[in-house]
Amino acid sequence: MSFLKLLSSLHPLNGHFRAAWRREGRFNGYIPVSVITGYDAKVCHLCKYINPEGESNSFLATKFVLRAAATLPGSVSTSEDQLSVRRQNPYPLELIESLVNQQSGLPESTSVGALLIPSSIKNSVEPLTVSVSANGYYLDVIARELGVTDASQVMVSRTIGKASSEVRLYCCTPKSYQLVSSSDSHAKEAVQGCLNERASYFAGHLIYGDAILASIGYTWRSTDLFYEDVSLHTYYRLLLSKMPSGIYKLSREAVLAAELPVVFTTRSNWRGSFPKDILCTFCRQHRLPEPVFSAASSPSESSSELPASHSNEDRNGEGLAVSGRELVDSGGAFRCEVKIFSMCQKLIIECSLKKTYKKQSDAIQNAALNVLSWLNSYFRKLDMSIEELSSLGVELDIQFYPQHFFKEFVWCQSVHNYWHSIGTYSNCLSQPNTMVEYSVRSINIEGPSSGVSPSSGSLASISISISLVAEGEDTKELLESSEEFEFEIGTGAVIPHLEAVVAQIVVGQSASFIMELPPQELVFAACNDSARALSLFSPSEQNPYFLSDCSLEYSIVLLRITEPLEERMEKALFSPPLSKQRVDYAVQHIRESCATSLVDFGCGSGSLLDSLLDYSTSLEKIVGVDISQKALTRAAKTLHSKLSPNSNTLLSNNRLKSALLYEGSVTNFDHRLSGFDVGTCLEVIEHMEEGQACLFGDIVLSLFCPRILIVSTPNFEYNVILQKSTLQSQDDDPDEKNQIQSCKFRNHDHKFEWTREQFAHWASALATRHNYSVEYSGVGGAAGVEPGFASQIAVFRRLFDSPNHIDSAHQYEVIWEWSITDSSRSAL
Ligand code: SAH
Ligand code: MG
């Protein structure tokens, strides 16, 4: 581009040329070469083309530019020792002067906040101030801050962070530069000095010595110099935005509360940036090429059985770039594959989802989330062995290629190592799905305790404020707060400590708890006034307490619970709600059967067991089994308060001697639950894979052998009615509509939903195999009217005496136990 054309354009180099002509003394008109490579994408690209190593070594690019400039016919003078170039006054002096003297909006002198990133990782990042002025060249000022005389000895990095950012890193050109330029083969050894790992990590190329992080420069937006303060807060947010969970936390503006969820259930329940966008951001952050998604539709066994009327796909794509074959098969389900490549196009991570989805975008989001979850675990525990990473990958349908993968993340080790130093916190975060010994102290719950307690799949809406508190002091520093923060229960969308506390309270209640301090970096990223937080952290005379004496105080109020769609439909469209009708149906059978013992397979939060206590029955022993600890915790809570001697609910059942909750899978046999009078299994089998449901059928009728078994499951044929009515009533909520359309079943957790014929086929074959009789019934709708009941029910009755089973190992773990004592009986 010609000089004149450049000066009349808004090319960022324009500003540098003007400033260069304003430079006084022997540097008048000289442009530092690194400015050209740093600001001109085309030049930068060409350099990479000449030698791909230029990507990680910016000195190489500088050298190419110098060399090219030297070959230009006479008009350019280069100063090789100073790494700058200059035109030899090809234009009249007046022209240059008039351009240079054009008024700029800049005041005489301005202080801009910047940061010094010392080359040694042991030294902390410190704030510093750069004074820029209308007349001077800001790069000369930065040069002096770096301890060199002028701009030509400064290297400018690419922009860092978001695409629109002007944040760059500045460092000195290596002292031994001349050596480098004189002999290629020695280049590497010659570029000495202390490698600045933190700066290199951000810039994506090698940086030596101390570096300055600042947001100053010429942009495409204006010829005036742009500047903005860069604070420690900015730095820690940049650091956080390198991690998958960090990108998510920032997108939710909840650094201390949010977590990258471990599952993507539905689009309408997800909050914050979507997994695919987070993955793209992650790749950009680490200078990896855009991830490649390929979604394909393939007919699957379960979906091919769907009646045609249920398969009108919603394929109004969300503008996702998708390649690959796409069969327009109306009964098809979508599968997705994601590939991540290294800078030099080597495959480093590959995720090929086994599961299929009804919507293409759901398949893509889930595949992206799997990759993110895997990467997140890696960032949380950077010293994980290849074996650990591989086995983690197997769970997530991921394969990774260590030899290329680790090369792309060399700097993470040292820069993110802080994450390791904090034991419990990171340990419990790395296993968001298991119950953890979390270090929460002084939980304090207030407010009336009757109401809805959130269950999995619900959306909880809370108000939250998180403050830094110092032991034994009144000081409280608010770090993060939100009037209304919504998240899906049971997906790990918030830190486990917070979710555990929310699970214990009901709408209207408030709770506060104290938690050990997370990594300092997280606190700084959350806190706007890092200087203030820093002062709280560092011991000084005014602040005798520091880090180890501080903790976080979370205060929340549970504002609202939005139940999962299935529950809402069951409440809105049936009176009494379908769930109540199911429970009532079971209660009636139990009473008629004069049973003394009952086991509820897949008892969930204990709704059946709880209602049973409201009726007078002949039951002496009631037991619940479930695989979900969360559900069992809720069940234990309700049963406990109802059965406690000082409960003010009067027990109608005065024969009850014991109540027990077990954790375990109903597909495993435990002889302690063998030979009960009644077994119930309400809306459970559809939550298992079809094969497991069949296995459960065989195990329950051949080993558990209850006298009566009641099994309920949705009638798939009834969904048309549910969807029609819900869509009508939800006309104004596009999110809701989307959710209904994206889910072929009533609940995203259902693995299948059977038609009446499929259910009868399963139940009759099962009954015959194990000498039971079976009768069909249901609740919601009517037997004779199409499309049958909303929930279909099979009642199995044992035809012969149950065989005796030898004791086998205990498969289940007792979660909660109650048995009558004299004192509690007298209280009844
Ligand atoms: N029966 C309850 C809960 C239904 S929700 C009610 O009617 O309200 C389905 C329940 O089945 C969930 O609590 C889930 O944890 C449980 N579940 C799914 N698979 C299971 C298995 N293999 N073993 C035990 N419980 C299971
Ligand atoms: Mg269900």
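Me: Is histidine 750 buried or exposed?
Reply: In this predicted model, the relative accessibility of histidine 750 is 4%. A residue counts as buried under 20%. Histidine 750 is therefore classed as buried.

Me: Which protein atoms are the donors of the magnesium ion (ligand 2)?
Reply: Along the chain, the donors follow the spacing E-H-x62-H. Histidine 687 lies in the loop between strand E22 and helix H27, and histidine 750 in the loop between helix H29 and helix H30, so the pair ties together parts that are 63 residues apart in sequence. Histidine 687 has 29% relative accessibility and counts as partly exposed. At 2.3 to 2.5 Å from the ion, the donors are Glu686 (OE), His687 (NE2) and His750 (NE2).

Me: What is the geometry of the ring pair of tyrosine 378 and phenylalanine 405?
Reply: The ring centres are 5.0 Å apart. Planes over 60 degrees apart count as edge-to-face. The planes here stand at 75 degrees, so the pair is edge-to-face.

Me: Where in the chain do tyrosine 378 and phenylalanine 405 lie?
Reply: Tyrosine 378 is buried at 1% relative accessibility, and phenylalanine 405 is buried at 0%. Their pair links distant parts of the chain, 27 residues apart. Tyrosine 378 belongs to helix H15 and phenylalanine 405 to helix H17.

Me: Which residue lies over the face of tyrosine 39?
Reply: A charge sits over a ring if, among other conditions, CZ of Arg is within 6 Å of the ring centre. The distance from the ring centre of tyrosine 39 is 3.9 Å. The residue over this face is arginine 168.

Key. Residues numbered from 1 in each chain as written. Chains lettered and ligands numbered in written order. Predicted model: local features only at pLDDT ≥ 70, side-chain atom pairs only at ≥ 80, totals over all residues. Heavy atoms only, no water. Donors = N, O, S within 2.8 Å, 3.2 Å for Na, K, Ca; no water. Helix = DSSP H or I, 4+ residues; strand = E, 2+ residues; numbered from the N terminus. Buried < 20%, exposed > 50% of the residue type's maximum accessible area, 1.4 Å probe, protein only. Phe/Tyr/Trp six-rings, centres within 6.5 Å; stacked < 30°, edge-to-face > 60°. Lys NZ or Arg CZ within 6 Å of the ring centre and 35° of its normal.
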